[in-house]
Amino acid sequence: MSSLTSLASIATWPVPTAAAGVVRADGTVLGTHGPVGRRFPLASVTKPLAAYAVLVAYEEGAVELDEPAGPPGSTVRHLLAHTSGLAFDEHRVTAPPGDRRLYSNAGFEQLGDHLAKATDIPFAEYLRQAVLEPLGMADTSLEGSPAKDAVSTVEDLLRFAAEVQAPRLLDPRTVAQAMTVQYPGTKGVLPGYGHQNPNDWGLGFEIRDGKSPHWTGAGSSPRTFGHFGQSGTFLWIDPDAGLATVALTDRPFGPWAAEAWPPFTDAVLAELR
């Protein structure tokens with residue numbers, strides 16, 4: 001596909017391989033660059049996919065958002081919004097539910113276990129049936145933890161990003177909830193970007209709001225939501241701009257990404273506004 005000038009700038013990133021694409025709500029792919037059919041480990045960009053599967057289960061009546069799940073006093077909603085009190089990578093409680101935004105892989109693992117018990121279907125299989133298959137995401141699979149072990153392509157994630165902007169698998173009101181701040185005013189650390197007050201989060205999606213520093217751009221609207229991954233990956237959706245962008249690389253997140261991603265995002269937005 002003919003590339004946008006802004007997308008072509010990924011060729012200057014200090015990474016072995018990068019691929020990126022931009023998609024509108026109607027599914028129109030506005031541009032891509034790099035090997036968009038190559039499978040990359042997503043790291044935490046797995047979480048929005050996992051959250052979407054949980055929301056399908058919620059709409060099917062298999063789970064309720066406010067039913068108990070995870071540590072005592074915690075609910076499905078707490079786990080999705082990183083407020084269950086579970087530690088980052090350990091199944092250990094470090095705060096009361098709803099108290100702080102403690103970003104937690106363990107929380108998403110407990111979410112996966114909870115859904116598997118509720119549906120009698122292994123979480124990876126439920127994700128495949130509920131989200132990946134209906135969206136034609138044939139090159140995406142979950143190969144372990146619902147927090148971080150999905151593998152996907154730019155092409156597949158553009159399909160997902162189009163779905164989130166114009167939902168067919170979910171009621172638009174459910175997606176509106178997912179991109180609305182849960183437990184407003186909650187402080188916490190945004191991995192890689194330090195303490196944020198507030199550290200706003202929806203249901204499985206991080207919300208930009210006024211966070212600084214941040215991995216999106218200065219021109220990103222406060223309503224922008226999405227996720228980045230420690231494998232050097234990100235997906236953001238800017239409802240005000242009416243588009244979403246996916247970038248996947250094979251170099252772990254680090255100072256290079258903190259430097260490269262915001263100007264890249266601003267260039268995409270400037271080119272398409």
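Okay, quick definition to start: two strands pair if DSSP finds at least two bridges between them. Strands here are DSSP runs of E, at least two residues long, numbered from the N terminus.

What you're looking at is a predicted model, where local features need pLDDT of at least 70, side-chain atom pairs count only at pLDDT 80 or more, and totals for chains, interfaces and linings use all residues. Residues are numbered from 1 along each chain as its sequence is written, and side-chain values use heavy atoms, with hydrogens and water left out.

Let's go to β11, residues 243–249. How many of its residues are buried? Seven of seven, and buried means under 20% relative accessible area, with a 1.4 Å probe and protein chains only. Both faces are covered: Leu 243, Thr 245, Ala 247 and Thr 249 sit on one side, with Ala 244, Val 246 and Leu 248 on the other.

Now its neighbours. β1, residues 18–24, pairs antiparallel with β11 over seven bridges, and Ala 20 has Ala 247 as its bridge partner there. The β10–β11 hairpin has four residues between the strands, and Gly 242 in it takes a positive phi near 70°.

Next up, another sheet. This one is open, three strands in the order β3-β5-β4, paired antiparallel.

Methods:
Buried < 20%, exposed > 50% of the residue type's maximum accessible area, 1.4 Å probe, protein only.
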